[in-house]
Each structure stands twice: as C-alpha cells, then as structure tokens.
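Work through the exercises below with the sequence and the model open. Each task is followed by a solution in steps.

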Amino acid sequence: MPGQKIEPWTPSTEVRHLTPRPPGCVKITSLPPPPPDRVPDLPDLPARSLKAHMYSCTWKQTVTLWTSSGLDKSEFSLIRTSLVRAMPEEEDVMTCDVCGAHAPNKCSACKQVAYCSKEHQKQDWTRHKEVCRPFEVCSSPELGRHLLASRDLTPGDVILSELPLVVGPKHHSQDEAVLCLLCHRPASLDTDYRCPRCLWPVCGPDCPGDAKTHAHECVVLRVDPQQSRRNVTSQRGYHYEAITPLRCLLQQRRSPRKWRQILEMEAHEGDRGPGTDAYREVREKVVGYLKTNFLDKLPESGAEPLLEDTSEKTLLRLCGVLDVNALELSLPFGTEIVALYPTAYLLEHSCMPNTRHSFETAPGTRQYRVTVTAARDIRRGEHITTMYTHALWGTQARREHLKATKYFSCRCQRCADPTELGTYVSAMKCLGANSDGAACGGIQLPTSPLEEDSDWKCDLCPITLSSSQVNDLVTRIGDEVEDILRGGPTVKQLEELLDKVSTFLHPNHYHCYAVKHSLVQLYGHQHGYKPQQLTLQQLDNKYGTDIHILLYMYSCCFRHVLLLFQTSAPVVSDMYSCCFRHVLLLFQTCTPVVSDMCRCLLTITETLDPGNARLALYSSVLQYETHNAVVQLARRRLAQQPPGIGRDELDSKVKEARQLLLRAAQALAPEPDLSAGGRMLCLVNKSLKELDIWVKELGLSGADRGQSC
Ligand SMILES: C[S@@+](CC[C@H](N)C(=O)[O-])C[C@H]1O[C@@H](n2cnc3c(N)ncnc32)[C@H](O)[C@@H]1O
C-alpha cells in the first residue's frame with residue numbers, strides 16, 4: 001500500500017511520556033522527530049507490516065518506533081529501511097524568518113533563510129537582501145568554478161554559513177586512531193563499548209553522538225556478522241578511511257539531493273588513474289575493503305537494494321571528491337575529521353587568502369556548521385579565496401603539496417615573489433666563500449619560483465644551486481626540526497637546533513620560524529626558565545634583539561654597499577633593491593620596541609596573513625608571549641632599589657602590554673569556545689584582568705582600561 005502514513009509518528013507532548021519500551025513490543029528504530037506536517041510516506045510496505053501496531057516515544061530528541069506484532073526478519077529490515085529513507089533531512093526543517101511557521105521555501109540565492117509563503121519572502125526582502133549571499137558562482141578554464149564578490153565586503157562580514165553534506169573520519173589517517181562513529185570522539189578497542197549491531201567501537205554508554213547517521217552505515221557494516229566478530233579482536237578489521245566514502249555512498253538513497261551535489265564536485269579522476277599513488281591507496285584501503293567485506297555481501301534481491309551503485313568507479317570518484325574538496329576540522333577532544341559542504345568547497349585557493357573559516361564543534365543542531373567570513377576588505381568583483389595548504393610553509397613545499405593533493409600549480413602573488421612578500425621565509429644562506437675565505441654572506445633565492453625546477457641564485461656571488469639540492473637540504477632540516485619539536489624539547493635543545501639550522505637557513509626561514517615560535521613559548525614557562533628564573537639576558541632574548549637577524553642584515557648591507565662600488569651596471573639595480581630592503585628592515589628592527597624575537601616572528605606572521613585568515617593562533621601566541629615579557633621586565637625593573645623604571649615609562653609599558661593582549665583577543669574572537677583558539681582566548685582574557693588588577697595596585701592612569709574584547 002504505497003503512500004500509507006503512520007499516524008502515531010508525530011512527537012506530541014503526550015507521546016513524550018510513554019514508557020521507553022511499551023510492554024511486549026520490539027524496537028524498530030530511533031529517528032529524529034519530523035515536524036508535524038512532514039509525516040513521512042511509507043512506500044511499498046507489505047500489508048502485514050502495516051498492521052503492526054506502532055508506538056512512539058522520544059529519547060534524546062529522537063522518536064523511537066516499536067511494534068507489537070511479530071515481524072519476520074526481512075519485513076523488519078524493510079520497514080526500518082523505508083522509515084530511514086522516508087525521513088526528511090534535518091537541515092530541510094526550517095521555520096519562516098517572518099512568522100516562525102514551518103517554511104518549505106528557502107531563499108534560492110543563499111539557502112540560509114526560508115519562508116512559509118511568497119508574501120512573507122517579499123515582505124522580508126528589503127531586510128534580507130543586505131545579508132543574502134554576497135557572491136556569484138563563476139567559471140573559468142583555469143580555475144573551474146569559483147566565487148566572485150558581488151558587493152564590497154569588510155572584515156568579519158559573513159560570506160556563507162552552512163551545514164555539511166557529509167562528515168566523517170579523515171580518509172587518510174597516518175595514525176590508526178580509533179574513533180566513535182557516533183560522535184567522533186576517541187574510542188578504544190580495549191573496552192566493551194561497541195555498537196551492539198555492527199560491533200564498531202563507540203566512546204561509551206553516554207555517547208552524545210548522532211545515532212541517525214550511524215544507523216545508515218550500520219546496516220552495511222553489520223551485513224556480515226562473522227566479519228563483525230573478527231573485527232572485534234583485530235584493529236586491522238576497522239578501516240576508518242573507508243567510513244566517510246561509505247557515508248557519501250549512502251547519500252544516493254538517503255538524500256538524492258545531497259548525492260547529486262557530491263557528484264557535481266571536482267574529483268580529478270584523470271590525475272588519479274591507474275599507476276598513481278592515490279589510485280593504489282584508495283583501491284586497497286577503501287574500495288577493496290568496502291567491497292570485499294560489506295558492499296558485495298549486501299542482499300541483491302527481495303527488498304529494494306539499499307544502494308544502487310556500489311561500483312569501483314563510483315567509489316574511486318567519491319574518494320577523489322573527498323581528497324579535493326573536503327575541509328578538515330579539529331575537534332576539541334583531539335580528533336580530526338573531514339566534511340563536505342554544499343558551497344564552501346567552491347572557494348578557490350590563494351596563498352594570501354581573504355577569508356577565514358570557523359567551525360561549530362559543540363554537539364547540537366549546528367554542529368559542524370562552517371561559517372566563512374571576510375578576513376580583510378574584499379572589493380566587488382574580487383575573487384573570494386581560501387588556503388588549501390600550510391601558510392607557514394615555503395613556496396616550494398606549498399606548491400608541491402597543492403600539486404600532489406589538489407592537482408594544480410598555484411601562481412598567486414606570494415608564489416611568484418622569490419622573497420615571499422619580503423618575508424624571506426624560503427631563503428637560504430649562501431655557503432660560498434669569497435677570495436679571502438670569508439663566508440659570502442649572500443642569500444640564495446629561486447630565480448623563477450613558478451617553475452618547479454627553478455635554479456637558486458646567490459644575490460652576492462655567482463653560486464647557484466639546483467632546486468633538488470635545495471629541496472633535499474630543506475627536507476632533511478625539516479625532518480630534524482619536526483622530530484625535535486614532536487619530542488617535547490627543552491630550551492637548550494631548541495637553542496642548539498636554532499644555531500645549527502641557522503648555518504644554512506635565512507633567520508626568517510620557515511624552519512627557523514617554527515623553532516623560534518616554540519622557543520618563545522618555552523622561555524618563561526619551562527622549569528628552570530620560569531619568569532622569575534630567567535636572567536635579564538634570557539628575557540632579552542625573548543623580548544630582546546634577534547641577534548641572528550641583525551648581524552646578518554648588517555653584514556649583508558655592508559657587503560652590498562662595498563660591492564656596489566665594484567660591480568657592473570646590470571647587477572647594481574638588483575643589489576640596490578636588496579640593500580634598500582635590508583636598510584628598511586634594519587631601521588624597523590633596530591627600534592627598541594620592534595627589535596625582539598617575538599616581534600620579528602609577528603612581522604612575518606602579519607605580512608603573510610594580515611587578516612588572521614589562517615594564522616590567528618600563531619600571531620596571538622606571539623602577542624601573548626610578548627606581553628608576558630614586557631610585564632616581566634617592567635616588574636623586575638620596578639622591584640630594583642631604587643626602582644629602575646619611572647611612572648611614565650611603567651604606564652607606557654602597561655599600555656603596550658594591554659594593546660598586545662587586545663590584539664590577540666581580537667584575532668581569536670571568531671574561534672569556537674572549545675578549540676585551541678578558544679582556550680587561548682580564555683588565557684588572554686585572564687591576563688587582561690590580571691593586568692587591570694596590577695594597574696589598580698600601582699595606581700597608574702590605566703588610560704586604556706575599560707577596553708575589552
Ligand atoms: C575544492 S575545488 C574548487 C572548486 C572547483 N573549481 C570546481 O569547479 O569544482 C579545488 C579545485 O579547484 C581548482 N582550483 C582551486 N584554486 C585554484 C587555483 N588557485 N589555481 C588553479 N586551480 C585552482 C583546482 O582544480 C582544484 O583541484
């Protein structure tokens with residue numbers, strides 16, 4: 001009897017009070033409650049199932065259906081599958097922005113608001129057009145689809161905010177992390193907490209996760225009970241990389257609309273064909289695993305098949321879609337997952353992005369929502385961009401990563417500039433010697449950074465290096481830096497490492513940056529280096545002159561000026577410009593306030609990411625640590641007998657520290673509460689309060705008090 005409705009479905013107040021398990025009944029399924037006017041049709045149910053007497057009750061916002069008639073196994077699974085499929089998508093359930101009634105008509109442009117009627121939509125347009133989506137989807141042969149701003153935007157303007165189509169474990173996990181499939185918290189194979197049907201681990205008895213999402217994949221994962229039992233005893237049985245592709249695959253029946261959206265995404269199948277690493281890895285870890293253990297065992301006849309298309313081609317395509325388009329989310333409890341979004345994937349890449357993403361990670365109906373905001377002014381007609389790779393990697397590493405994972409060669413302004421916007425984060429020191437045996441003192445930079453095999457050339461002597469020579473050296477240094485940083489290093493280890501890598505790398509090189517960024521966080525915090533234990537020299541190292549940079553630039557300038565008198569015309573203009581840059585930087589770096597290690601790192605960070613699109617946490621850590629050093633130095637000088645600091649200077653130091661904290665708080669404001677950024681923001685706000693107390697104790701003017709974030 002197709003189209004038959006089950007009446008007691010509506011989750012009214014009365015049914016909430018029903019006992020969880022009506023006597024003599026068997027549970028069929030638990031689902032989120034649909035709105036009262038969206039009772040699902042149940043197509044093609046056999047007559048006997050419809051005679052089943054159904055009850056419902058709510059449990060953690062879900063409707064549980066029970067039957068009191070004895071259904072056989074296939075009827076039972078048929079009714080369950082039909083119910084799951086008939087459920088409307090949660091995000092489809094919207095209310096009218098004008099009157100709050102159930103709203104079937106979403107705004108076709110932004111899809112963020114909905115209305116119960118055309119009249120209410122018209123009535124709201126004057127207000128809504130101000131916030132309706134501020135971009136157009138365009139297409140070009142070079143970029144594919146991309147977004148252009150359709151009006152001027154200022155920092156903080158929301159560009160889009162949407163829920164994901166699919167969320168799941170990262171599909172390239174290096175570590176064999178065991179995750180709860182309901183809430184994505186860490187789980188363990190050493191406990192008995194399992195989904196009772198498919199036996200995949202869950203985090204515990206009070207898991208706050210979404211049983212509905214798992215219900216769908218569970219039908220597949222439990223298709224072979226023997227395999228499920230084997231899995232229990234061996235971690236190798238659980239391939240988490242296969243879960244997100246499976247969740248995508250399940251959309252073909254769960255939500256044909258989402259399925260269409262997923263298939264519309266770029267998968268770069270041509271770049272991931274036979275013979276490539278991607279092909280080998282995906283075939284083994286996803287396609288082979290899913291097909292052999294589950295998909296090929298799904299019943300073909302009888303009930304309507306759960307999945308129509310389980311072909312290898314489709315699975316390979318889904319993995320391509322995930323690799324190219326999925327965004328990565330770090331959850332507060334330390335796990336990392338990926339999500340596909342209906343519009344956010346259209347943002348093109350730039351190494352100087354103009355947008356910032358923030359993710360809602362707290363459980364609830366907004367969980368995993370992404371909000372993309374403008375990180376700086378964006379003019380009408382400008383490309384709206386994000387960053388697919390690491391902002392603190394050098395050009396060679398970023399471009400290789402983009403080519404290997406997203407299949408294009410970036411040609412943005414930062415990539416095209418050998419100095420990377422004057423930051424020198426890829427620059428190497430020239431190891432050549434001049435005629436009297438002294439170090440050359442020049443900088444090695446790529447001559448054509450947009451060419452993969454560009455030579456590197458010294459700006460002072462004729463020495464050139466091949467790109468593979470530079471690559472090998474930088475990779476080896478990077479491996480050593482990563483190893484040491486991962487092992488929880490001491491201050492001494494980091495200082496030695498910095499000395500060592502500084503032989504080869506420009507002081508601003510991104511590997512030096514990584515070591516210094518860790519170092520400034522250890523000074524003042526590690527045992528033996530607590531603020532009161534630091535010598536003035538060590539404090540000065542944190543807040544003092546970065547001697548590596550200054551000496552280097554002095555010597556470079558000196559040599560350039562000398563050489564300018566000796567060298568022929570074509571080289572001269574190059575050296576003038578380099579010399580000019582160095583003199584400028586020296587001027588900035590030598591001023592007392594700017595000449596500290598934190599400040600140098602901050603200058604690099606802010607040049608590469610002026611709007612805090614990607615490096616908000618990095619810059620706020622630097623601002624926070626600089627504030628710590630400023631306050632500590634001021635306290636020390638105040639404690640001297642007689643005090644080594646006057647009231648005016650103390651007042652200005654306090655203001656400087658406050659400004660640093662306020663800037664950190666502003667950078668961190670969009671970060672979710674439970675994220676690393678959110679925790680950093682708490683620390684910053686706590687320090688602002690402590691600073692206020694100190695100002696009060698000292699009886700300073702505290703002119704800036706009252707400003708808070
Ligand atoms: C997440 S998708 C973006 C949407 C895609 N353009 C589309 O039409 O579906 C990423 C792909 O877009 C293209 N793309 C993004 N940014 C690019 C850029 N800066 N230069 C060239 N291609 C880019 C690449 O093909 C990349 O693999």
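## Overview

The protein has 22 helices and 21 strands; helices (H or I, at least four residues) and strands (E, at least two) are DSSP runs, numbered from the N terminus. Residues are numbered from 1 along each chain as its sequence is written. This is a predicted model, in which local features need pLDDT of at least 70 and side-chain atom pairs count only at pLDDT 80 or more, while totals for chains, interfaces and linings use all residues.

## Exercise 1: burial and contacts overall

Task: state what percentage of the residues of the protein count as buried, and what percentage of the contacts between residues at least 6 apart in sequence join residues at least 24 apart.

Solution. 
- Step 1. Apply the burial rule: a residue is buried if 20 or more other C-beta atoms lie within 10 Å of its own, exposed if 12 or fewer, and partly exposed in between, with C-beta atoms placed from the backbone.
- Step 2. Of the 709 residues, 36% count as buried.
- Step 3. Apply the contact rule: two residues are in contact if their C-beta atoms, placed from the backbone, lie within 7 Å.
- Step 4. Among contacts between residues at least 6 apart in sequence, 66% join residues at least 24 apart.

## Exercise 2: the packing of H5 and H7

Task: describe how helix H5 (residues 211-221) and helix H7 (residues 243-254) pack.

Solution. 
- Step 1. Two packed helices are described by the angle between their axes and the distance between the axes.
- Step 2. For H5 and H7 the angle is about 105 degrees and the axes are 10 Å apart. Axes are lines fitted to C-alpha atoms, for helices over the stretch in contact, and angles run from 0 to 180 degrees between N-to-C directions.
- Step 3. H5 is therefore roughly perpendicular to H7; angles under 35 degrees count as roughly parallel, over 145 as roughly antiparallel, 65 to 115 as roughly perpendicular and the rest as oblique.
- Step 4. H5 contributes His-216, Glu-217 and Val-220 to the contact, and H7 contributes Ile-243, Leu-246, Arg-247, Leu-250 and Arg-254.
- Step 5. These contact residues divide into four nonpolar, one polar and three charged. Ala, Val, Leu, Ile, Met, Phe, Trp, Tyr, Cys and Pro count as nonpolar, Asp, Glu, Lys and Arg as charged, and the others, Gly among them, as polar.

## Exercise 3: the shell around the ligand

Task: which residues come nearest to the ligand, and which element supplies the largest share of the shell?

Solution. 
- Step 1. A residue is near a molecule or strand if its C-beta atom, placed from the backbone, lies within 6 Å of it.
- Step 2. There are 18 residues around the ligand, of which Gly-144, Arg-145, Glu-266, Glu-348 and Phe-408 come nearest.
- Step 3. At least two residues each come from strand S9 (144-149), helix H10 (312-325) and strand S14 (348-349).
- Step 4. S9 has the largest share, with three residues.
- Step 5. The shell is made up of eight nonpolar, five polar and five charged residues.

## Exercise 4: backbone exceptions

Task: where do Leu-199, Tyr-424 and Pro-642 lie, and what is the backbone geometry there?

Solution. 
- Step 1. Most residues other than glycine have a negative phi, and most peptide bonds are trans.
- Step 2. Leu-199 lies in the loop between strand S11 (166-169) and H5, and its phi is positive, about 70 degrees. Leu-199 counts as buried because it has 20 C-beta neighbours inside 10 Å.
- Step 3. Tyr-424, in the loop between H12 and strand S18 (428-429), has a positive phi near 60 degrees. Tyr-424 is buried, with 23 other C-beta atoms within 10 Å.
- Step 4. Pro-642 is in the loop between helix H20 (616-639) and helix H21 (647-668). A cis peptide bond, with omega about -10 degrees, joins Gln-641 and Pro-642.
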